[in-house]
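Keep the view open while reading.

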Amino acid sequence: MKIYIKTYGCQMNERDSEAVGALFTASGHTLTDNENSADVLLFNTCSVRDAAERKAKGKIGYMKKLKLRRPELIIGVMGCMAQRLGEQLLAELPHLDFVLGTGQIHQAVDAVEKIAAERKRFSNTIEAPEEIDMLGAHGSNSWSAQIAITRGCNRFCSYCIVPYVRGREMSRSLDSIMDEAKMLVDSGVKELLLLGQNVAAYGLNGDIRPPASGYSPFAELLEALNELPGLERIRYTSPYVSYFNDRLIAALAKCSKVCHNIHLPLQSGSDRILKAMNRQYTADSYREKVAQLREAIPDLTFSTDVIVGFPGEEESDFLLTRELMEEVGFEQAFIFKYSPRPGAKSALLANTVSEEEKLRRNNILLDDLERRIGKRIAGLVGSEQEILCEGVSARNSARWTGRTGTNFVVHFEPDTTVKPGDIRKVKVTRAGSVSLFGELI
Ligand code: 5AD
Ligand code: SF4
């Protein structure tokens, strides 16, 4: 059968879709980008904001007309929205054949083959923690690959649906991750992106207390991966700020393959709002951690996630966030308008900030960011940078793009020898608004 998979949401979901796709090809099916000629349509969904759910539901609803034309078409929904709504989705969308929750996506091939044989609709959202290692399959060879090192989340930030839809936090064994990494590097992978809802909690057995001084299983994992011959770069996303202890910071500074870029979700710069969000740090402790990290790794760059319009967020709270963002000088940031998620604690609070006001705060932070990135990037003109070459630029086929370890994108004219995954040096010749231009050295 020809399988079409559409993914919504985060990188973990992208990774899950890749693994599910690989399970289908291993079972003799083929993958397609064309929904009109596919035999099976799979939607791997997200619940993190209402907009993500509405988008997926709209798309799945629209597929009804394909099913009317071709009743044999199989349509399935997987992932976080599938987990959250389960049977309710089957009731709402009569043309849907099956629903697989986040703990069941490794069953996707079986689900499709069963529907093809029996034509019986079903929903399965049972949590299956023992299946944690069953999604190690990868798609076609590339220079870059993602590995899920933890699954689920135990932090229960008050706005967040993830602990409810992805279940309790679990870490894979070091051996299993190393085997997957070796297999990938043997197949030509140069860059690994380690994924988890809180990667720095790796190996802590779900304990929500940040590790004591001198102890960090995540640091041990990075050190083991750093020794893999043939691997050039290690990235990870996302860590929770409180888990960067002395042991982890020392490992980050020492491991030459670990990139000097951290996605460090801030969410808010106001202690009052951080507390209401059940974030276990203050603006000052976040500041302090950034300072410690910068001291150990001077060229470190930071990106972040921020939510505007959390219940009770006053203009004064928002300004604290704005100031802290300016002070840290994030090189990248993702700004989200607060969206109440049924089931998460904050959904019980009155949604006090109007949508217009959320949009205003959102736009102010985006304007700040644009100005800051422009300045930051201009400051890199004339410097030499080491980049990992990614391939032909999406915007101009005469150019290639590459990325620095600090996560700046550099466009350059290729020479005849350059291959995707190569590490090369460039001299930065000019700055665009968000990316750089350079010449190979
Ligand atoms: N509303 C808005 N943004 C949210 N995020 C998580 N839950 C919500 C919500 N209910 C944001 C957080 C998180 C990112 C992945 O999505 O900033 O870091
Ligand atoms: Fe990823 Fe969270 Fe969305 Fe699930 S709800 S897909 S974990 S962002």
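The questions and answers below go from the whole chain to the ligand site and then to single residues.

Student: How many helices and strands does the protein chain have?
Tutor: Bear in mind that this is a predicted model. The protein chain has 14 helices and 19 strands.

Student: Which radius of gyration does the protein chain have, and what does the globule rule give for 441 residues?
Tutor: The globule rule gives 22 Å for 441 residues. The chain comes close to that, so it is as compact as a globular protein of that length. Its radius of gyration is 22 Å.

Student: What share of the 441 residues is buried?
Tutor: A residue counts as buried when its relative accessible area is under 20%. In the protein chain, the buried share is 55%.

Student: What share of the contacts with a separation of 6 or more joins residues 24 or more positions apart?
Tutor: Start with contacts in the protein chain that have a separation of 6 or more. Then keep those between residues 24 or more positions apart. They account for 73%.

Student: Which strands each supply at least two residues of the shell around ligand 1?
Tutor: The ligand is surrounded by residues that include Asp305, Ile307, Phe336 and Lys337. One strand covers 301–308 and another covers 332–337. They are strand 13 and strand 14.

Student: How many nonpolar, polar and charged residues are in the shell around ligand 1?
Tutor: Val48, Arg49 and Gln267 are among the residues of the shell. Sorted by class, the shell has five nonpolar, two polar and four charged residues.

Student: How much of the 400 Å² that ligand 1 exposes taken alone does the protein bury?
Tutor: An oxygen atom of ligand 1 is 3.0 Å from an N or O atom in the side chain of Arg49. For Asp305, a side-chain N or O atom is 2.7 Å from a ligand oxygen. Of the 400 Å² that ligand 1 exposes taken alone, the protein buries 86%.

Student: Is Gln267 buried or exposed?
Tutor: Gln267 lies in the loop between strand 12 and helix 11. A polar atom of its side chain is 2.7 Å from an oxygen atom of ligand 1. Its relative accessibility is 7%, so Gln267 counts as buried.

Student: What is phi of Gln267 near?
Tutor: Most residues other than glycine have a negative phi. Gln267 has a positive value. Its phi is near 70°.

Student: Is Asn205 buried or exposed?
Tutor: Asn205 sits in the loop between strand 10 and helix 9. Its phi is also positive, near 55°. With a relative accessibility of 77%, Asn205 counts as exposed.

Student: Which peptide bond is cis, with omega near -10°?
Tutor: Most peptide bonds are trans. Ser238, in the loop between strand 11 and helix 10, is part of the answer. The cis bond runs from Thr237 to Ser238.

Student: Which backbone oxygen lies 3.0 Å from a polar atom of the side chain of Gln104?
Tutor: Gln104 counts as buried, at 6% relative accessibility. Its loop lies between strand 5 and helix 6. Gln104 touches Asn124, Ile126 and Ala128, leaving out residues up to four places away in sequence. The backbone oxygen belongs to Ile126.

Student: Which residues is Ala111 in contact with, leaving aside neighbours within four places in sequence?
Tutor: Ala111 is in helix 6. At 4% relative accessibility, Ala111 counts as buried. Its contacts are Phe98, Leu100 and Phe122.

Notes: Residues numbered from 1 in each chain as written. Chains lettered and ligands numbered in written order. Predicted model: local features only at pLDDT ≥ 70, side-chain atom pairs only at ≥ 80, totals over all residues. Heavy atoms only, no water. Near = heavy atom within 4 Å. Polar contact = N/O pair within 3.5 Å; in protein donor to acceptor, adjacent residues only side chain to side chain. Areas by Shrake-Rupley, 256 points an atom, 1.4 Å probe, with all protein chains shown as cover. Helix = DSSP H or I, 4+ residues; strand = E, 2+ residues; numbered from the N terminus. Nonpolar A, V, L, I, M, F, W, Y, C, P; charged D, E, K, R; others polar. Rg over C-alpha atoms; globule rule 2.2 N^0.38 Å. Buried < 20%, exposed > 50% of the residue type's maximum accessible area, 1.4 Å probe, protein only. Contact = heavy atoms within 4.5 Å.
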